[in-house]
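Visitor: Could you walk me through this structure, with the cut-offs behind each term stated as we go?

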Amino acid sequence: MNRESNTSQQILSEVFGYSHFRGAQQTVIDHVHNGGDALVLMPTGGGKSLCYQIPAIVRFKRGLGTTIVISPLIALMHDQVGALDVAGVTAAFLNSSQSAAESRAVEQQLLRGELILLYVAPERLTTPRFLAMLESLHEHRALSLFAIDEAHCVSQWGHDFRPEYRSLSLLPERFSGVPRIALTATADNITRADIIERLQLEQAHCFVSSFDRPNIRYSVASKLDARKQLLAFIRTEHLDDAGIVYCQSRKKVEETAEWLKHEGLNALPYHAGLDIKIRTRHQNRFLREDGLIMVATIAFGMGIDKPNVRFVAHVDLPKNIESYYQETGRAGRDGDIANAWMTYGLQDVVNQRRMIDESIGSETFKQSLRGKLDALLALAEATDCRRVRLLHYFDEHSQACGNCDNCLNPPAIWDATISAQQLLSCIYRIEQHSNISFGASHLIDVLRGKLNDKVKQFGHSTLSTFGLGATLSDSQWRSILRQLVATGVVRVDARAFNTLKLTERARGVLKGDVHVHLRAETKALVKNKKMILKKSVNSTGLDDDSAACLKTLKAWRSAIAAKNNLPAYIIFHDSTLITLAEQMPQTLVELSGIVGIGAKKLEAYGDELLQILHV
Ligand code: ADP
Ligand code: ZN
């Protein structure tokens, strides 16, 4: 190991309290230490911050000056700087939330060369005043490094385009020789190429990590009663855990949050229609308090770097795999076990398809949206490893993971070709007979031979398919229909009362050329329940004494966090508290060996912790 790696290893353990680098961290850090430009693509929770924070510390110690971090998330700068502060690293931020006097004080610190890191929003960076300050630092060789966080914001292909990021191309022109590191969790090739071009990073070394999040368990359940399923999921697996529940509409967000509260859970709503003050308050509570559930639309999440979000639940289908991966990626950033859970049904498919049809945009654009939705539906209907499919979507190849619902409990598959043919021909005959199309309920009534008023009115009991499917239940037929709609064999016409139509693909199935293999729903559901009980991710596995100690430690942490106006996890991660409760260290030396306790934290909190841990 060379001298540089040695120093970074030392900083990792002394300042941050961690024993090992994760993934590509070490290689990136070595490269940046030596003044190389870098583009870092790492999944959420991969540990991107250390990739520039450690070089910033090392280069500052070498007399190379301050690192400027460009970040679009004003709300988060405060917490990021707070985290560095409790680790003993001198850092500050400049943004529009500060008073003029506060900004002046930070500028003075910068010009006096006291700051190891300075966080700024891109619009601040490019003001003439700030550029003049940077130029003066540059002249004095006191500008060490530029770190461009959330670099995908420069690309309009990415999901959070920020026009102000475009002006960052001035950095290499005006500050030649100052290395730059750009970081993002956005994986796709177009965005990557765009970042390189826009930020002029052609010479940069590109570090691409695997996008796998092995600690996240993916599961998808058929929607029966979404609310009840959600409640059962939270109660059996995540009682007292922090989590996010995504819903499609504002109304549903409010109803679901209200209902969870009514059921005794600690839930808050979040959507763009709420007053900004309420939104901010809810977001802050979620970040700062333990065990809150945020029920939200996709307006919530950008830059939420709370590491101990234990679950992300989707009660409605997301738009596409990119959104699903991004949203579920907010779970388990700390690397501990987390759940990505989704429930979906026929109506979700219909809604998403309708939204695309009704959206504005060219037919080619809509076609690409449909393609993306189909990929997501294939994932939702998959009977094989979900992770293999997810990663494949991002051009990564992998083996069955052993940590998704399908791997843990391979679903029973049955040859549903005959039932599918019955369903398809029933749609065909109904339309032939009455010259109009009908919806799902009526179709299933006819198949199951129900002689109700509507069936009588239209004379559908005379059809050859009437009563053909009496052996299957209503929900089994719904499941077959959903899978046929998801795979594009049947189309639901949302503009004509959700009536059902056969597509070109139906022909192959009807002729027997294409076989239909479906998941046996009911059995799979029962099995899922067993899996949940057997493999609960909530339990920390602590004995009673340790569990009591953990509770005291958490209460102590909440008090310290509140006093410093910082989220609890910035004081200590859950995993650090759990290790403390398990191992009960009794001396400062023993404490210093615990992951997450660096020198500064040991000095600040060591004595108080020993008092709590003293037996
Ligand atoms: P990203 O920005 O890539 O999503 P972060 O930099 O926020 O990820 O890191 C995610 C979490 O992992 C943070 O809580 C961080 O403290 C922790 N972490 C990062 N690197 C390490 C490491 N080498 N060992 C242990 N924990 C780490
Ligand atoms: Zn799997």
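The conversation below takes up a metal site, a ligand site, a helix and some single residues.

Guide: This is a predicted model, in which local features need pLDDT of at least 70 and side-chain atom pairs count only at pLDDT 80 or more, while totals for chains, interfaces and linings use all residues. Residues are numbered from 1 along each chain as its sequence is written, chains are lettered from A and ligands numbered from 1 in the order in which they are written, and side-chain values use heavy atoms, with hydrogens and water left out.

Visitor: Which residues coordinate the zinc ion (ligand 2)?

Guide: Donors are N, O and S atoms within 2.8 Å of the metal (3.2 Å for Na, K and Ca), and since water is not among the atoms, sites may look incomplete. The donor residues follow the spacing C-x15-C-x2-C-x2-C in sequence. At 2.3 to 2.4 Å, the SG atoms that coordinate the zinc ion (ligand 2) belong to C385, C401, C404 and C407.

Visitor: What geometry does the site of the zinc ion (ligand 2) have?

Guide: Four donors count as tetrahedral if all angles lie between 85 and 135 degrees. Ideal angles at a metal are 109.5 degrees for four tetrahedral donors. Among the 4 donor atoms of the zinc ion (ligand 2) the angles are 102 to 119°, and the site is tetrahedral.

Visitor: How many of the 8 residues of helix 13 are buried?

Guide: Helices (H or I, at least four residues) and strands (E, at least two) are DSSP runs, numbered from the N terminus, and buried means under 20% relative accessible area, exposed over 50% and partly exposed in between (1.4 Å probe, protein chains only). The buried residues of helix 13 are I321, S323, Y324, Y325, E327 and T328. Helix 13 (residues 321-328) is therefore largely enclosed by the rest of the structure, the buried count being 6 of the 8.

Visitor: Which residue caps the N-terminal end of helix 13?

Guide: A polar contact is a pair of N or O atoms within 3.5 Å; within protein, one must be able to donate a hydrogen and the other to accept it, and residues adjacent in sequence count only if both atoms are side-chain atoms. Here a side-chain oxygen lies 3.2 Å from the backbone nitrogen of E322, and the capping residue is N320.

Visitor: What share of the area of ligand 1 does the protein bury?

Guide: Oxygen atoms of ligand 1 lie 3.1 Å from an N or O atom in the side chain of R22, 2.6 Å from a polar backbone atom of G45 and 2.8 Å from an N or O atom in the side chain of K48. Taken alone, ligand 1 exposes 570 Å² (Shrake-Rupley method, 1.4 Å probe), and the share of this that the protein buries is 84%.

Visitor: Is F21 buried or exposed?

Guide: F21 sits in the loop between helix 1 (3-14) and helix 2 (25-33). Not counting residues up to four places away in sequence, F21 is in contact (heavy atoms within 4.5 Å) with S8, Q9, L12, Q26, I29 and I54. Because its relative accessibility is 14%, F21 counts as buried.

Visitor: Which backbone oxygen does the side chain of T499 reach?

Guide: T499 belongs to strand 16 (residues 499-502) and is buried, with a relative accessible area of 7%. Its contacts beyond four places in sequence are S437, F438, G439, R491, V492 and D493. At 2.9 Å, the side chain of T499 reaches the backbone oxygen of A496.

Key:
Four donors count as tetrahedral if all angles lie between 85 and 135 degrees; four count as square planar and six as octahedral if opposite donors are over 155 degrees apart and all others between 65 and 115; anything else is irregular.
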